[in-house]
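Student: I would like to learn how to read some features of a protein model. Could we take them one at a time?

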Amino acid sequence: MKASDLFVKALENEGVEYIFGVPGEENLDLLESIRKSKSIKFILTRHEQAAAFMAATYGRLTGHAGVCLSTLGPGATNLVTAVAYAQLGAFPLVVITGQKPINESYQGKFQILDIVRMMRPLTKDADQIVYARHIPSLVRGAFRIAEEERPGAVHLELPEDVAREEVDDDRVFPKQTIHRVFASDRAISKAVKAIKHAKRPLLLVGAGANRKRTRQVLSEFIERTGMMFFNTQMGKGVVSGDDSNFIGTAAFSSKDYVHEGIKMADLIINVGHDIIEKPPFIMNGDDQIVIHVNFHSAQIKGIYYPQIEVVGHISNSMARFTEELGKDYKAPREWVKPIREKIKEAIHHLDDDNSFPILPQRIVSDVRKVLPDDGIACLDNGMFKLWFTRHYHTFMPNTLLVDNALATMGAGLPSALACAIMYPKKRIMAVCGDGGFMMNSQEMETAVRLKLNLVVLIINDSAYGMIKWKQAGQELPDYGLDFGNPDFVKYAESYGAKGHRIRKTEELEKVLNACYVEKGVHIVDVPVDYSQNTKTLLDELKQFE
Ligand SMILES: Cc1ncc(C[n+]2csc(CCOP(=O)(O)OP(=O)(O)O)c2C)c(N)n1
């Protein structure tokens, strides 16, 4: 068997459905083997970075590593931001890059970089395939490492001559079930004792809880104990934001309404947050007990040093807590109810505001009305991300895709493309700033070519708004952050998509709905009034300093 065919057989064995990428001449044997595959679809993109964002999103949503492909040198260097996104975000990703022949090359050092070495700090593992007979074990290993907790990126380099070799053994390795590691009885009883003792306990739901199917056990825990909870940006949706026990999302690390409650809590059960995601609270002193419940132990920093660690499968730990606390345990909650009401009022009082340009609060509220519970909003990074994570209610896991780990611009559109490919019947929306959209806007062509159903909402302030907000926060003069934009309506049309510009606040919800009814790819350009950034997210929050 040809080595590239064996490589594809090994990918099929892993259940790979899609490979996203931009091939180069060094990948042509592999590309031909992919063409012959009955189960793997190749998705051509217009930039390698977008391919890796898409593959990482596939991994994020399924728990099975997404796969992306590039050539050597410049193709591989184009991948790095998205590989880092997968690695920090804990999204399982297998990255395949090509390379010139390693045995004999007639092109000297042309295009050659040490890509394996470049990938090492960005991945859980990176390897060059030197012998074709090692393909099955290296592919199996790559998927296993990428998928096991804490998930992340793994890189395999397949040189051109190795891909062309003949192998006489075409067996691949069966996928094994990895038996979960459960927390020890001692850790569980120590935590349960602390929970029973607490007078003002709170539960925090973080990104790790979104990765695995923890919704049911967490919901049961909350229902049985009545404990009030908040979440991190990436923990949104695990337990429904509709739940009467939900307080709010910690979009900041401190000094927001929700932190009033967090500060008062004498115990926080942190389920699935690790400090790679921007911290939802900052520990200060030992008066507040933090129980770290995660697949892995805590990374200790001055801001996070949990006194109790319950390391093992999150679902099992939470189910044990529910069981050990028993039917009679009820979490004290009256103390936090007034804070919860105050948060509700602060978050929602401008939801129906009619002014134009549109307030971010109104945009969030209209998007929520248009997307059903299982609709997915894929956020790029910018000021609107804070508004969405703080104000948008989620009812199902992974329905607000946020990157709060690398927090890179440019991922919003590709991640929405991946969702639209995977769930053609769901309402999918990319929510981008005009800055972040332009970082990967070429993927509009991919969306149109693939005939996807997708709405791209561009929050238009003709500036890098978030940095302006930080600049204002530091009382610096407004400098260096304004830009011009293309005509987004014409821009959409030039790709064969539909373009819409919102001219009145009342139009937004109607236009968004109409886009989904009509289907296809749409850009909706919405002028935003970002004066709220300073007014609400700076001046108003000064009360908490
Ligand atoms: C790739 C990358 N470059 C720069 C940044 C720093 N950064 C964070 S938000 C932001 C501005 C985003 O502007 P835009 O997309 O227009 O959204 P807005 O903040 O205006 O809502 C910048 C430059 C980043 N996070 N990622």
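Student: Where is the place of Arg150?

Tutor: This is a predicted model. Arg150 sits in the loop between helix 7 (135–147) and strand 6 (153–159).

Student: What kind of peptide bond joins Glu149 and Arg150?

Tutor: For a peptide bond, look at omega. Glu149 and Arg150 are joined by a cis peptide bond, with omega about -15°. Another cis bond runs from Phe356 to Pro357, and its omega is near -5°. Pro357 belongs to the loop between helix 14 and helix 15 (360–370).

Student: What is phi of Gln111 near?

Tutor: Phi is another backbone angle to read. For Gln111 phi is near 65°, a positive value in a residue other than glycine. Gln111 also lies in a loop, the one between strand 4 (93–99) and helix 6 (115–119).

Student: Now the helices. At what angle do helix 3 and helix 17 pack?

Tutor: For a pair of helices, read the angle and the distance between the axes. Helix 3 (residues 48–62) packs against helix 17 (residues 412–422) at an angle of about 55°, and their axes are 8 Å apart. Because of that angle, helix 3 is oblique to helix 17. The crossing of the two is right-handed.

Student: Which residues of helix 3 and helix 17 meet?

Tutor: On the helix 3 side they are Ala50, Phe53, Met54, Thr57, Tyr58, Leu61 and Thr62, and these meet Pro414, Ser415, Leu417, Ala418, Cys419, Ile421 and Met422 of helix 17. Sorted by class, this contact of helix 3 with helix 17 has 11 nonpolar, three polar and no charged residues.

Student: How is helix 12 placed against helix 14: roughly parallel or roughly antiparallel?

Tutor: Start again from the angle. Helix 12 (residues 257–264) and helix 14 (residues 337–348) pack at about 165°, with their axes 8 Å apart. Angles over 145 degrees count as roughly antiparallel, so helix 12 is roughly antiparallel to helix 14. Their crossing is left-handed.

Student: Which residues make the contact between helix 12 and helix 14?

Tutor: Tyr257, Val258, Glu260, Gly261 and Met264 in helix 12 touch Ile339, Lys342, Ile343 and Ala346 in helix 14. By class, the contact of helix 12 with helix 14 has six nonpolar, one polar and two charged residues.

Student: How do the axes of helix 20 and helix 23 cross?

Tutor: The axes of helix 20 (residues 465–473) and helix 23 (residues 531–539) cross at roughly 55° and come within 10 Å. This angle is why helix 20 is oblique to helix 23. Helix 20 passes helix 23 in a right-handed crossing. In the contact, Trp469, Ala472 and Gly473 of helix 20 meet Asn533, Thr534, Leu537 and Leu538 of helix 23. The classes here are four nonpolar, three polar and no charged residues.

Student: How many residues surround the ligand, and which are the closest?

Tutor: There are 18 residues around the ligand, and the closest are Asp434, Gly436, Gly465, Met466 and Tyr530.

Student: Which atom of Met409 lies 3.1 Å from a nitrogen atom of the ligand?

Tutor: In Met409 the atom at 3.1 Å from a ligand nitrogen atom is a backbone N or O atom. In Gly435 a backbone N or O atom lies 2.8 Å from an oxygen atom of the ligand. A polar backbone atom of Gly436 is 2.8 Å from an oxygen atom of the ligand.

Note on methods. Residues numbered from 1 in each chain as written. Predicted model: local features only at pLDDT ≥ 70, side-chain atom pairs only at ≥ 80, totals over all residues. Heavy atoms only, no water. Axes fitted to C-alpha atoms, helices over the stretch in contact; angles between N-to-C directions. Helix = DSSP H or I, 4+ residues; strand = E, 2+ residues; numbered from the N terminus. Parallel < 35°, antiparallel > 145°, perpendicular 65-115°, else oblique. Left-handed = near helix turned anticlockwise from the far one by under 90°. Contact = heavy atoms within 4.5 Å. Nonpolar A, V, L, I, M, F, W, Y, C, P; charged D, E, K, R; others polar. Near = heavy atom within 4 Å. Polar contact = N/O pair within 3.5 Å; in protein donor to acceptor, adjacent residues only side chain to side chain.
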